[in-house]
Amino acid sequence: MFGKQVGGSKRRAEEIIARDLAVSPELVPVFKALMQARREILVRIADLDRRIRVIARRHQTVRLLMITPGVGPITAMAVVAAFDDAGWFRRSSSAGPTLA
């Protein structure tokens, strides 16, 4: 229904409400409610992301892992949680099979 449009899903949703749902006006309130729910979810996700970044900045090992390109706070925290004691491994190559 959304397709690929320049301007993102918000703009496309507004277009659908304004034009495409004219033939089914009973769907407009449903569609508007869904868009409101989406906005609220995006706000909540942004808040959780901020909180995760704050926690990640406080942990020295997580910060160290995050200097690796492509490693963000969630991945770094997952690695730290999985390998909380590096002393368990005699060689770095034994760490990978531990997760399998």
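A residue is called buried here when its relative accessible area is under 20%, exposed when that area is over 50%, and partly exposed in between (1.4 Å probe, protein chains only). With that in hand, buried residues make up 16% of the 100 residues in the protein.

Before you start clicking, note that this is a predicted model, in which local features need pLDDT of at least 70 and side-chain atom pairs count only at pLDDT 80 or more, while totals for chains, interfaces and linings use all residues. Residues are numbered from 1 along each chain as its sequence is written, and side-chain values use heavy atoms, with hydrogens and water left out.

**Stop 1: the whole chain**

Show the cartoon first. You will find five helices and zero strands, and from the N terminus on the elements run α-α-α-α-α. Helices (H or I, at least four residues) and strands (E, at least two) are DSSP runs, numbered from the N terminus.

**Stop 2: the largest nonpolar core**

Select Ala13, Ile16, Leu21, Val28, Phe31 and Met35, the six residues of the largest nonpolar core. Such a core is a set of buried Ala, Val, Leu, Ile, Met, Phe, Trp, Tyr and Cys residues joined through side-chain atoms within 4.5 Å. Colour by helix and you will see that H1 (8-18) and H2 each supply at least two residues of this core. H2 gives the most, with three residues. As background, nonpolar side chains in soluble globular proteins tend to be buried together.

**Stop 3**

Next, select residues 73-82, helix H4, and pick out Pro73, Ala76 and Val80, which are buried. Look down the axis of H4: its buried residues fall within an arc of 70°, so they line one face of the helix. That arc is taken from the directions from the helix axis to the C-beta atoms. What do these buried residues pack against? Their neighbours are helix H2 (28-58) and helix H3 (60-66).

**Stop 4**

Finish with Asp47 and show its side chain. The structure holds three salt bridges, each a side-chain nitrogen of Lys or Arg within 4 Å of a carboxyl oxygen of Asp or Glu. Draw these distances between the closest N and O atoms:

- Asp47 to Arg44: 3.3 Å. These two are three residues apart in helix H2, so about one helical turn separates them.
- Asp47 to Arg50: 4.0 Å. Both lie in H2, three residues apart, about one turn of the helix.
- Asp47 to Arg51: 3.9 Å. Both lie in H2, four residues apart, again about one turn.

Through shared partners, these salt bridges join Arg44, Asp47, Arg50 and Arg51 into one network. How accessible is Asp47? At 26% relative accessibility, Asp47 counts as partly exposed. Arg44 is partly exposed at 45%, as are Arg50 at 44% and Arg51 at 47%.

How values were computed:
Contact means heavy atoms within 4.5 Å.
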